[in-house]
Amino acid sequence: MKKLFFSSLASLLLLACTTTAAKEEGYRVFGSSDVCVEGDTVYLCEMQGFFQMIPLDTTVIKDGKFEFTGSYDGATMRFICPVHESESAGMAMIVLENADIEVLVKKDSVSVVNGGPSTALYEEYEKGVNDAYGEGTNELYGIENDSTKTEEERAEAKAKLEEINNRVAEYKYNFVMSHIPSPISDMLLLQVKSGVSEEQFANILKKMEESGKTYSQYKEYMAEQEAIKATAIGQKYTDLSLNSPEGKPIKESDYVGKNRFVLIDFWASWCGPCIKEMPWVVKAYEAYHSKVIGISLDNDKEAWMKAIEKYNMPWPHMSDLKGWQCEAAKPYNVQAIPANVLIDKDGLIVAKNLREQDLLDTLEKCFAE
């Protein structure tokens with residue numbers, strides 16, 4: 001997938017927005033521009049990593065206007081990124097939900113004119129968090145980490161920070177709980193997870209389940225938890241079938257049970273860490289004659305096939321060429337690559353995510369038993 005990188009967030013603006021009613025049928029993100037010209041591209045993006053923009057949809061300026069349509073189960077943060085003459089023409093964060101959302105592109109800035117109900121609620125939430133932190137928090141962090149301060153001063157700062165963090169966590173918890181069920185509570189679910197207690201997070205999940213109406217973040221989180229349980233050490237492996245580079249269906253069960261151990265290796269030709277790890281997988285394959293099945297998260301068949309040949313990977317390979325949407329990724333809870341799962345003759349998972357020498361050492365131990 002092509003990626004956009006913008007070096008500056010100076011143009012990132014989220015202005016006060018009036019609300020419009022949510023639409024059951026989907027969202028409409030539209031706007032106008034006085035800086036972009038006919039045919040300029042506008043991207044609807046998701047942010048990943050350190051300000052890395054991943055385009056999810058594109059449109060072009062026509063008669064000074066642009067529009068995106070679609071649907072989303074809940075609410076989520078997205079970014080509108082217009083490009084003029086191959087340069088960023090600004091960027092705006094929007095709270096995407098099934099509503100009309102109006103955006104204005106001006107010189108060196110992009111702003112939200114009107115948003116859906118969750119836009120106003122998110123602003124309320126952000127203000128509440130800032131108020132809960134109050135003034136002087138950064139100064140307290142400075143004192144806590146200042147080696148020139150006395151132990152008493154640092155301890156006092158730490159105690160005050162603990163009070164502040166507890167106050168912030170309580171606000172976040174109460175805000176989410178008071179808005180269940182709603183798109184905004186779902187959007188904030190994973191944001192608040194690291195700030196609230198385990199008991200509070202469990203209460204949030206319980207209330208969402210009991211509400212009778214759940215959205216995408218909750219559903220994805222619960223599916224992930226089920227996948228974690230299903231792929232724990234000692235669990236039975238999940239049999240999958242994908243195509244080889246030649247288009248022939250391959251099943252994991254074609255090899256599991258017929259070999260003492262099978263290593264399921266998740267990788268991609270575009271993944272630098274995967275390529276760095278590959279010599280160790282080759283060593284494992286050659287040294288222990290353990291069967292390896294490569295499952296690629298590629299979406300470019302030619303790149304996939306070239307990498308197999310270039311990096312000397314003579315074992316069976318399979319992929320549906322759907323990238324991160326690979327049908328094999330979710331059942332094995334693959335959140336990052338490289339990743340691997342070691343399966344014994346009985347089809348049980350005996351190890352996961354083995355790296356470099358640890359891979360060889362684990363196989364040596366397994367074969368010695």
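I began with the largest pocket, whose volume comes to about 1,700 Å³. For the record, a pocket here is an open set of points on a 1 Å grid over the protein atoms alone, where a 1.4 Å probe fits, with protein on both sides within 12 Å along at least five of seven lines, and lining residues have an atom within 4 Å of a point; points are joined across faces, edges and corners, and the volume is the space filled by probe spheres set on them. The model is predicted, so local features need pLDDT of at least 70 and side-chain atom pairs count only at pLDDT 80 or more, while totals for chains, interfaces and linings use all residues. Residues are numbered from 1 along each chain as its sequence is written, and side-chain values use heavy atoms, with hydrogens and water left out.

I noted 37 lining residues, with Glu46, Gln48, Glu220, Trp324 and Gln325 nearest the pocket's centre. Helix α6 gives the largest share of this lining, seven residues (helices are DSSP runs of H or I, at least four residues, and strands runs of E, at least two, numbered from the N terminus).

Next I followed an open sheet of five strands, ordered β17-β16-β15-β18-β19 with mixed pairing, where two strands pair if DSSP finds at least two bridges between them. Because β17 (317-318) and β19 (349-352) stand at the edges with a single partner strand each, one side of each has no neighbour in the sheet. Strands β15 (residues 261-267) and β18 (residues 339-344) run antiparallel and are joined by six bridges, and I found Phe261 partnered with Asp344 in β18.
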